[in-house]
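Hi everyone, thanks for coming. Let me put the structure up, and then I'll walk you through a few spots in it.

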Amino acid sequence: MKPLHTLARGAMASLAGQRLALAGALVLLWWAGAQGMPSFVLPGPSRVLQALEVLWHSETFTRDVLATCRRVLAGLGLAMLVGTLAGLALGASRALARFFEPVLAVFNTVSSAIWAIFAIIWFGISDATTVFVVFMTAMPLILTSVWQGAQAVEPQYVDLARSFRLSRWQILRKIHAPSILPHFFSGARLAFGFGWRVSLVAETIGASDGIGYRLRQAADLVQTDQVFAWTVLLVGLMLLIEGGVLKPAERRLFRWKSASLAPPSSHAGRRAAAVSQPTES
Amino acid sequence: MTGAAQPALEARGLVKRYGGLDVLSGVDLSVHTGEVLALVGPSGCGKSTLLGILSGLLSADAGSLDVAGVPARCFAQWQRIAYMFQEDRLLPWRSVRDNVALGLEGQGLGRAQRAQRVDEALRMVGLLHVADAWPHELSGGMRSRVALARSVAVLPAVLLMDEPFSKLDPQTRAQMHAQLLRIHAGSGTTVVFVTHDMEEAVVLADRIVRLVPSPGRIAEVIELGDLPRPRDPVAQGVAERVRDLRARMVMGPEGLQ
C-alpha cells in the first residue's frame, strides 16, 4: 500500500495537470475563434496580452485599482459591522427577529442594479455610490449568516460556561463568538464575492475612476482588447485572494473540524447563496 | 468523614414547582464537608433539580441554601462549586488543554499559573500526553476524563455531578470511579452526584440520599460509612448493600427485612 501522503500528492499533481489542460484548451479555443473575427468583436490572446501590458504601465492603473479596492473594502467593512450587530440582535431576540424578517426578504429581492440607480440619484458621481451598492448587497448576506449562527449556539455550552461562573461578557466571547464565527466567515466570503462584482456595476455608472469606470470607457471607445485585459486581471486577482487569503484563513480558523464532520457553515452558505441569487447582476 | 464543624452545603425547605407540579417539596439536606454523597431515586423524584439548585444553575421557588455557611445569594461570586454534566460538553473548537482551562478563565489567574493548573489536572486523569489534541480525536472515555479534569482544575470545594459516567461502558466507568476516588482522597473535595446505578452509588458514596417522587422529597438517608474502602462491587458486603438498596427502591425503607 502506498503511504497516504504520496497518494494525496499524486492526486494533487493529476488535478493540477487537468486544470492546466483545461486552461490550455480554453486559450486555444479563444485563439481559434479570434482568427475569423474582427478584433473589436473578439481580440485574440496575444492582442489582449499586449493590452494588458499597456494597461499595467499606464499612469492611472494603480489609482484605478486602489480606488475600486478602497470602495469595496469600505462597503464590506460597513456591511460586516452593521450586519454582525444586527444579526446578533436578531439572534438574541425572537420577537425582534419576527418583526424584522420581512425587511430582510425585501433586501434580498431588490437587485443590485436598482440599488445602483438609487445611489446615483442620492449620491451622484462619488465614492459613496459604489460604497452604498456594495453595502446594500453584502450587508443582508452577513446579517443572515450571523443570525443563523446566533441561533445555532448550543445552550448546553452556555450552561457549561455559566456553571463555571463566567460573566455574561465572557460567555459571549468564549461560547457565542466561536460558535458564530464559521457562519460569519461563510457569509463574509459570499459577501466579498458579490460585493466585488457589484462594485464594478456601480462604478460603470457612478464613478469617474476605478476599474468599472475604465471598463465602461474602454467599451464606449470600442477598445475590446482593453475590456478583455481588465477581465483577465480581475479573474486573476480574485483567484489570488481566494487561494492566497480566504482558503488559508479558513483552514487555519477551522482546523478543529475533523474531515468527517460536515462544516455547519457550508449549509448556511448555500442557503444564503440561494436567497441572494436574484441580487447578482 | 462526618462531624466537620460546618456543612459544605446546607439546604432548608427547598421547593421547586414546574407548572402545577411539585418537583421538590420542602427538602432539607446537609452535605458534610469532604463527604461523597449520592442522590438516587426513580425518574421524576427531583434529584437532578436538587443538584441544579445546589449548583446555582437553577433557582428554588422557596427555601434557603447556605454554601460553607454563607447564604447562596452571592452565588455568582462563589467560584468553587464545579458542576459536571451528563454529557462531556467539550467545546469542539478548543484543544483538550484549552477545554480544561475554561473554568479557570473566570478566576483571574495569570497565564503561567493557569497553564500549571491545567497540566496538573490533566496529569491527574492521565491525559497530559493528549493535551494538544482536539476533542473529536478522543474516545468517549477520554472525553469524560477531560471533562473531569476541567471540573477539578478549578480546585472545587464542592464537585456536583449529574450522572457523569452513565454513557460509558462498564469497564471505563469503573476506571472513572477509581480515578474520582483517588482525586477525592487527594483533595478532600466534597462530592455530590446523581445516579441511576445503585452499584455506582454504593461503591462511591459515604451516604446515599434516596428521593421519592410526587411530590419530590427525601425518603431516607442511608449511611455507608461502615463499609470499608476500596469497595469491590463483587465483594460480598458491597453486593449485599447494592441488593438492599435496589429492594428499598421498590419496597421502601423496610427493604429486605
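In this predicted model, strand β4 (residues 62–67) of chain B pairs with β5(B) in the antiparallel sense over two bridges; pairing here takes at least two bridges found by DSSP between the strands. Asp66(B) sits opposite Pro71(B) in β5(B). Both strands belong to an open sheet of four strands in chain B, ordered β2-β1-β4-β5, with antiparallel pairing. At its edges are β2 (21–31) and β5 (70–71) of chain B, each with a single partner strand, so one side of each has no neighbour in the sheet. Strands and helices are DSSP runs, E of at least two residues and H or I of at least four, numbered from the N terminus.

Now the whole of chain B: seven helices and ten strands. Its C-alpha trace spans about 55 × 45 × 35 Å along the principal axes.

Over to chain A. The axes of helix α3 (residues 61–92) and helix α8 (residues 168–206) of chain A come within 9 Å and cross at roughly 140°; axes are lines fitted to C-alpha atoms over the stretch in contact, with angles from 0 to 180 degrees between N-to-C directions. Among the residues that meet are Leu76(A) and Met80(A) from α3(A), and Phe184(A) and Trp196(A) from α8(A), where contact means heavy atoms within 4.5 Å.

Some housekeeping: residues are numbered from 1 along each chain as its sequence is written, and chains are lettered from A and ligands numbered from 1 in the order written. Local features need pLDDT of at least 70, side-chain atom pairs count only at pLDDT 80 or more, and totals for chains, interfaces and linings use all residues, while side-chain values use heavy atoms, leaving out hydrogens and water.
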